[in-house]
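Have the viewer open as you read.

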Amino acid sequence: MAITAASRTRRPLTLDSIVRSALVGLFVVLMVVFILGPLLWLGVRAFAGNWTFPNLLPDDWTLRWWQVVVNDGALGIAVQNSLFFAPLTVLVSAIICLPAAYAFARFDFPGRRFFLISLFATNAFPKMGLFVTLAALFYALNLMNTVLGILVVHVLGTVVFMTWIPAAAFAAVPRNLEEAARDAGASKLRVFASVTLPMALPGIIVAAVMSFLASFDEAQGTYLVGAPAFMTMPTQMYSLVLNYPTQVAAVFSILLAIPSVALMLAAHKHILGGQLAEGFQIK
Amino acid sequence: MTTTLHKPAELQQTVPPAGVTRPKRLGQRAVGFFMALPPILLIAIFVGFPIVLAFGFSIGLTGGLNHTIATIGQNVHEADAWWGTLAAYQEMFTNKRFLGDLLVTVIVTLVSTATVIFLALGIGLYLKLKGGRMARLLSGLAIVPLFIPVVIASWAILTFYSGTGFLRSVFALFGVDFPVWAFTMVTVIIGSVWTSLPFAVLMVSSGLQSVPNAMIEAARDAGAGSLRTIVSVIVPMAAVPIIIATTFTAIGIVGSFTVPYFTGPNSPNMLGVDMSNYFSAFNQPQQSAVMAFTVFLIASGIAALYVWANFRSAKEQGKA
């Protein structure tokens with residue numbers, strides 16, 4: 001039975017529609033378990049004392065594991081390292097990429113298409129393979145286990161976000177608005193600062209958030225290039241899972257997820273509003 | 001490089017493309033070129049150049065910048081001809097462990113990508129055709145993994161499906177012994193789907209939303225059923241975003257490391273994990289490079305699809 005505009009407004013309660021609603025309901029329940037289940041299961045663990053299988057809740061509750069994490073020096077350093085690299089990565093990436101994003105959106109220059117495709121190449125090559133190839137160069141340049149080496153790895157992971165998403169945002173600024181401002185006597189810089197930039201800002205914010213998180217979550221490259229001299233929060237997770245009680249890793253996970261969730265919630269309107277999807281359709 | 005450039009589709013829809021309203025000035029083109037140069041240089045130095053270097057290393061060219069890694073690494077095959085040697089490739093492609101890993105990687109990529117796109121299409125179509133609170137709830141749910149770092153997600157998924165995990169607990173309460181999925185390829189697939197879902201859903205549903213409602217109404221007025229409308233009107237019109245979502249998902253999964261590292265078995269596991277093992281634990285960087293180029297080869301096949309889809313859409317929009 002086809003869903004028509006009429007049947008959407010007033011649907012008779014038939015067996016068909018009941019079965020259909022039940023199937024949709026079942027699918028939603030499965031999706032809730034699939035998506036949220038692991039996160040809740042992990043979250044509960046951070047406050048759990050003993051937990052007997054197969055009970056669905058722990059036997060007793062404790063905040064002891066939070067104290068373990070707060071008092072552990074290595075974990076503290078990992079937090080510091082992460083909070084050092086992520087903002088620095090966003091800043092460096094913005095300086096390198098934003099002018100290029102503007103150029104891609106506004107200028108027609110030789111090699112434009114070739115440039116766009118080479119940017120895509122960083123994403124087309126699987127990360128672990130890239131890091132393995134990068135390591136040979138890093139050995140030769142003495143960049144292994146250095147701040148600069150890790151920074152390079154982190155910035156590489158943000159180039160696509162910082163170029164494509166702002167480029168789509170700059171391109172979406174109506175040119176006649178800029179021209180109207182020019183006609184009213186505003187200088188080029190003035191037009192950029194008070195017309196183009198504010199209108200493209202949501203796209204730039206999404207790019208910055210995605211870049212921050214890309215750096216904050218980057219584990220494989222940092223591990224290969226930086227471990228054990230520089231451990232960030234995600235690379236610390238690798239050893240945490242092996243060497244600490246699961247509850248400690250659960251607490252650490254919650255701490256690691258806080259910045260991501262906070263930033264995503266702050267920018268979710270723009271991300272869901274299509275800024276992200278728009279950026280990935282380069283032409 | 002090329003003079004017949006396609007302008008961004010967004011540009012053409014909203015504003016006249018560069019160079020139409022104003023005469024093309026040489027100065028402006030040069031400014032654009034130099035503004036776009038820094039990220040390209042960064043990639044050329046730290047992606048392009050290392051790839052060339054590593055390819056040389058993989059075929060046994062151990063001089064120059066490859067000297068350090070060739071000295072550190074063990075079991076390095078050195079070139080016996082001017083162009084190098086295929087010994088490392090020969091070694092790996094007769095290595096049972098590598099071939100098993102390759103097969104596992106391909107299977108996980110195919111199954112996970114198919115599942116992700118199927119789910120994304122289902123959610124996107126439900127959102128487009130039905131709408132309402134249930135649809136928004138579903139798409140909201142599918143975006144949640146975007147908020148969670150992959151390291152945490154992998155570990156959460158591992159504990160959820162482990163021997164003392166939620167699924168086994170629930171089934172044990174009913175007296176059923178549910179299989180342990182942790183450290184098997186099942187959790188690797190589950191984890192890959194979990195982490196890849198948000199991007200695919202965002203991409204696919206944004207593509208589906210941009211299909212004009214008038215087209216769907218017209219198809220229905222002409223007597224097409226729901227399925228017919230979806231298969232021959234809606235999906236073809238959103239083909240490009242769907243292909244982009246598919247390629248990005250597949251490329252992400254084929255080279256994934258964290259999910260299989262946390263949730264997968266020791267062996268066979270995906271190439272991303274084994275690549276890292278060969279590089280760090282076994283100290284055989286050349287073998288690791290061979291694996292990297294195998295994955296690159298698979299990925300570039302997928303990437304070609306993406307580039308083709310983008311060119312096609314640019315061409316279509318150019319005609320319109």
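## A charged pair, then the interface

Helix α2 of chain A, residues 15-45, holds both Asp16(A) and Arg20(A), which sit 4 residues apart, or about one turn of the helix. Keep in mind that this is a predicted model. Asp16(A) and Arg20(A) make a salt bridge, and their closest N and O atoms are 3.5 Å apart. Side chains of opposite charge can pair when their charged atoms come close. Searching the whole structure turns up 4 salt bridges over all chains.

So what does the contact between the two chains look like in numbers? Here's the rundown for chain A and chain B:

| Interface item | Value |
|---|---|
| Residues of chain A in contact with chain B | 102 residues |
| Residues of chain B in contact with chain A | 113 residues |
| Buried area | about 10100 Å² |
| Salt bridges | 0 salt bridges |

Carbon and sulfur atoms give 78% of that buried area. On the side of chain A that touches chain B, the classes come out as 75 nonpolar, 15 polar and 12 charged residues.

There's also a nonpolar patch on the surface, with about 850 Å² of accessible area together. Chain A brings Phe47(A), Leu56(A), Leu57(A), Trp61(A) and Leu63(A) to the patch, while chain B brings Leu173(B), Phe174(B) and Val176(B). Of these, Leu173(B) belongs to helix α8 of chain B, residues 166-173.

Definitions and conventions:
Residues numbered from 1 in each chain as written. Chains lettered and ligands numbered in written order. Predicted model: local features only at pLDDT ≥ 70, side-chain atom pairs only at ≥ 80, totals over all residues. Heavy atoms only, no water. Patch = residues over 30% accessible without salt bridge, like charges linked within 9 Å, V, L, I, M, F, W, Y side chains within 5 Å. Areas by Shrake-Rupley, 256 points an atom, 1.4 Å probe, with all protein chains shown as cover. Salt bridge = Lys/Arg side-chain N within 4 Å of Asp/Glu carboxyl O. Helix = DSSP H or I, 4+ residues; strand = E, 2+ residues; numbered from the N terminus. Contact = heavy atoms within 4.5 Å. Buried area = accessible area lost by both parts, 1.4 Å probe. Nonpolar A, V, L, I, M, F, W, Y, C, P; charged D, E, K, R; others polar.
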